[in-house]
Amino acid sequence: MTGPGATSGFESGGFESGGFESGGFESGGFESGCFESGCFDRWGLEGWGFETRAIHAGQEPDRVTGAVLPPLSLATTYAQDAVGAHRGYEYSRSANPTRATLETALAALEGARRGLAFASGLGAEDAVLHLLRPGDHLLVPRDAYGGTYRLVDRVWGPLGVAHTPVDLADLDAVRAALRPSTRMVWAETPSNPLLNIVDIAALAEVVHGGVVHGQGALLVVDNTFATPYLQRPLALGADIVVHSTTKYLGGHSDVVGGFVATRDGARADEIAFFQNAIGAVPSPFDCYLVLRGAKTLAVRMDRHCGNAAAVADRLASHPAVGRVLYPGLATHPGHQVAARQMRGFGGMVSFVLRGGETAALEVARSTELFTLAESLGAVESLIEHPHRMTHSSVADSPLAVDPGLLRLSVGIETGADLLADLTQALDRVGGPR
Ligand SMILES: Cc1ncc(COP(=O)(O)O)c(C=O)c1O
């Protein structure tokens, strides 16, 4: 291990032991009595562990054939026994059996009453933002994913929904930014690309307490970076969880998708209305791919976390690197909160080059195993330059990112190979250690 902020190395196997509070991951916290599509509690899995739910929730063997996998249901329409008398499915935009299986499984992982799947993460976010009306106000993180900010700023802004970017780790700043018209607070933790951490439970108290104006708002948490394996925002007090399932839940860079989960049945109904009325639904095959990915989420995340911790240590000790942003480092300002509310620190690492943008571009060009590409959360390691790539849409906004910043999505390859690749790329701009 290296440096004062050193994390455990990947050799040690990461997160199986010590250092994290349990956070109620394996039991309790589930509501019951829901029998709609996308509800998991009818499967009687309340007491089962995360991995068991990932593999079995909503996925019992096919009643007709015994197939252990839920069938890929491609039909767009369903025979009705009489006018208005159908068997739960009418038309595939409204509901589809493969999508219902996915919604059930992911709801089980988030400890939600109901889940809803979408064609992309932004499609999911847009459905949630439809809960707002002209004249409403929302708080967004100062370092949100660029696409989220673009959606809020350039799509919803002109429609009359105002927003204020805030540092959500600063609860006084949150209190000061709340208005009587604030209906929603949007959080991302860890955030993209700065890996900032928000204390979800503390934020929920402020948001729901309506401390300033005496009226609560909804707390939405984008759980894409953490995944439900590492963090369960609903159990910590959030009202709604959103995901880009394109990332860790899918996990193999072969599907674009989104997901929304909540414990509030009435709110789920509202979002389900938007899901059907707007129509940003995923194809059955896309649902199948996310479902397959989610089954191995736990084992993949353990490896992502272990490799990322080792990468963060290596970066922290390299002279070309000015700053490493990884919540697993003891020096990270959100380290204590992350250790409390997460099972592990995740697979994303960002860092700032001492040589600024020129050095960042050179490193991004020089890695061999870390592929230069957008997106994140899949088995292969990726490197990207947020200022010119994922966050170029916010270049001239309050959310603009440092041009010297690089973001890594640390994959599940052999850890030593990843370290060697990064070291040779960094040595080009900072000399050997
Ligand atoms: C944190 C986060 N939320 C939402 C999204 C949007 O998801 P999608 O690309 O699936 O629309 C992304 C995409 O990168 C993201 O990183």
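Hi everyone, two housekeeping points before the tour. Residues are numbered from 1 along each chain, following the sequence as written. Because the model is predicted, local features need pLDDT of at least 70 and side-chain atom pairs count only at pLDDT 80 or more, while totals for chains, interfaces and linings use all residues.

Let's begin with strand E7, residues 258-262. When I say strand or helix, I mean a DSSP run, of at least two residues for strands (E) and at least four for helices (H or I), numbered from the N terminus. Is E7 buried or exposed? Five of its five residues are buried, so the rest of the structure largely encloses this strand. Buried here means 20 or more other C-beta atoms within 10 Å of a residue's own; exposed means 12 or fewer, partly exposed is in between, and the C-beta atoms are placed from the backbone. Both faces of E7 are covered, with Gly-258, Val-260 and Thr-262 buried on one side and Phe-259 and Ala-261 buried on the other.

Who are the neighbours? Strand E1, residues 114-118, pairs with E7 in the antiparallel sense over five bridges, and pairing requires at least two bridges found by DSSP. Within that pair, Leu-116 has Val-260 as its bridge partner. Strand E6, residues 240-244, also pairs with E7 in the antiparallel sense, over five bridges. There, Ser-244 stands opposite Gly-258.

Now to the helices. Two packed helices are described by the angle and the distance between their axes. The axes are lines fitted to C-alpha atoms, for helices over the stretch in contact, and angles run from 0 to 180 degrees between N-to-C directions. Helix H12 (residues 356-366) and helix H13 (residues 415-430) have axes that come within 9 Å and cross at roughly 150 degrees. On the H12 side, Ala-359, Glu-362, Val-363 and Ser-366 meet Ala-425, Leu-426, Arg-428 and Val-429 of H13, where contact means C-beta atoms, placed from the backbone, within 7 Å. These contact residues divide into five nonpolar, one polar and two charged. Nonpolar covers Ala, Val, Leu, Ile, Met, Phe, Trp, Tyr, Cys and Pro; charged covers Asp, Glu, Lys and Arg; the others, Gly among them, are polar.

For the second pair, the axes of helix H3 (residues 121-129) and H4 come within 11 Å and cross at roughly 45 degrees. That makes H3 oblique to H4. Leu-122, Glu-125, Asp-126 and Leu-129 in H3 meet Gly-147, Thr-148, Leu-151 and Trp-156 in H4.

Last stop, the backbone. Most residues other than glycine have a negative phi, and most peptide bonds are trans. Which bonds are cis here? One joins Thr-189 and Pro-190, with omega about -5 degrees, and another joins Asn-192 and Pro-193, with omega about 10 degrees. Pro-190 sits in the loop between strand E4 (182-188) and helix H6 (200-209), and Pro-193 lies in the loop between E4 and H6 too. As for phi, Thr-227 has a positive value near 70 degrees and is buried, with 29 other C-beta atoms within 10 Å. Ser-375 has a positive phi of about 75 degrees, and its 16 C-beta neighbours inside 10 Å make it partly exposed.

Technical notes. Two residues are in contact if their C-beta atoms, placed from the backbone, lie within 7 Å. Angles under 35 degrees count as roughly parallel, over 145 as roughly antiparallel, 65 to 115 as roughly perpendicular and the rest as oblique.
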